Amino acid sequence: MATTIIPARAIIPFLVAMMLFTGVCNTLLTKYQDNLCVRDCDHPDPKKRKHFEQPVIQTLQMFVGEMGCWLVVGLISLYRRYLKPTTTAASASYQPIATIDNDDTTGRPRDADDNASIRSTTPLNPSPNDGSNDNINDCGVPKPHDCPSVLHGWRVTLLALPAICDILGTTLMNAGLLLVAASIYQMTRGALVLFVGVFSVVFLRRHLHLFQWLSLVGVMLGVGIVGLAGAIQPDKKHADVGLEPEGVNADAVRVIVGVLMIAGAQIFTATQFVLEEWILERSAIEPLRVVGWEGVFGFSVTLLSMVVLHAAVGRTEAGRLGPFDMVEGWRQFWENKGVFVSSVMIMISIGGFNFFGLSVTRSVSATARSTIDTCRTLFIWMVSLGLGWETFKWLQVLGFALLVYFTFLFNGVVQPPFAFLRVREVEELLPEEPIEHN
């Protein structure tokens, strides 16, 4: 057994708190970065001031944070190789914090219930069949499923597919965050459960109960109300300037476009989750390594795309100084201290969120993680209000309440209000987001 001086249960509140803290930091730091002025900051006309509007670079720094998961994997490997043989029998009564004993990277030795995929009840690392169950294959997978093939060698490039979906979804969300308040951004991301639910039924052959279909309709209603609240009472685009000269109508249109971009991005994110689920159900690979590999592939593809877009668009007169001008983007990144420091902090917070989130998933459950992640939206909203980045909207309260209730209802956290809608057991379909965007 691994050595630690703290029992596993005692460390769970710390994991939950750190997951919540790093998750809140992701969105708030990204919005703070959007508000930073990088050119003509003293110009009397607020429209002439240039802020950091580089959603592609923000996507790139997210993948750098994901690649940081390899550091954790490396430390665990070093522990196994050099420290694990020195453990004593007296320490066997304690559970590990961030070290593992049976190929787990989340700080908890596995038992019979711990071999599940991060979003599925299908075994991730199945044990061989002892012949006592005719419905189980030799590798431990229920028939008629084939035995899982381990992702190794060139087959690990399959993880480039969800990484590409991650690139498209994250970049679109980062662009949408430029147009809306941080809380509206986070609430609109709640539309993810709608697409994940539908895609799980269509592609993964999952089954949704009637109350879950009704929950998806409620989620759509909640997202619509949140967007309506932002359109009726729009906030200024940047925290350091007043309302722009175009007026309220232009601001309302800006919010609507931002909400549609963020909601549309959930299609790519849901596709990412479905692809990850399909791959993980057929592979024996640690989830933390999945995050690391997707970070590598995502970083490579994003960097290559930046070069191509700079050559095709960024060098033109219309594209100069825009989001596809790679030279200008890197100049802003390196020369502006606020942008650089916030980027480093975002990378650290993303890596931390992935690690602590996976730890919570394995230590508690995916449902618990999705519940905690919902609390993240509330904290982001409170901090944004406190910093003056947005104004309080009663209609937004209604939209958020609907989002929380129907998301919890969909995932079985709360029971349906009517007896005929209730079922004995609810399959977890809501993704716990092993790879974090903002």
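Select Leu303, Met306, Val307 and His310 in helix 9, then Met326, Val327 and Trp330 in helix 10: these two sets meet, where contact means heavy atoms within 4.5 Å. The residues of this contact divide into six nonpolar, one polar and no charged. Here Ala, Val, Leu, Ile, Met, Phe, Trp, Tyr, Cys and Pro count as nonpolar, Asp, Glu, Lys and Arg as charged, and the others, Gly among them, as polar.

The model is predicted: local features need pLDDT of at least 70 and side-chain atom pairs count only at pLDDT 80 or more, while totals for chains, interfaces and linings use all residues. Residues are numbered from 1 along each chain as its sequence is written, and side-chain values use heavy atoms, with hydrogens and water left out.

Next, show helix 9 (residues 287-314) and helix 10 (residues 326-335) whole; their axes come within 9 Å and cross at roughly 125°. Axes are lines fitted to C-alpha atoms, for helices over the stretch in contact, and angles run from 0 to 180 degrees between N-to-C directions. Helix 9 and helix 10 are therefore oblique to each other; angles under 35 degrees count as roughly parallel, over 145 as roughly antiparallel, 65 to 115 as roughly perpendicular and the rest as oblique.

Now select Cys37 and Cys41, which a disulfide joins with an S to S distance of 2.2 Å; the term covers a pair of cysteine sulfur atoms within 2.5 Å. The structure holds one disulfide. The torsion about the S-S bond of Cys37 and Cys41 is about -110°, so this disulfide is left-handed. Cys37 is buried at 17% relative accessible area, whereas Cys41, at 36%, is partly exposed. Buried means under 20% relative accessible area, exposed over 50%, and partly exposed in between (1.4 Å probe, protein chains only).

Cys69 is buried, with a relative accessible area of 2%, and Cys165 is buried at 11%.

Then select residues 56-79, one of the spans to which UniProt gives the feature "transmembrane region" in an unreviewed entry. UniProt positions are given in the numbering used here, feature names are shortened, and annotations may be inferred rather than shown by experiment. Residues 56-79 are 96% helix and 0% strand, with end C-alpha atoms 36 Å apart. Residues 253-275, also among the UniProt spans, are 100% helix and 0% strand, and their end C-alpha atoms lie 34 Å apart.

Finally, display the whole chain, with 13 helices and two strands. Helices (H or I, at least four residues) and strands (E, at least two) are DSSP runs, numbered from the N terminus. Of its 438 residues, 52% count as buried.
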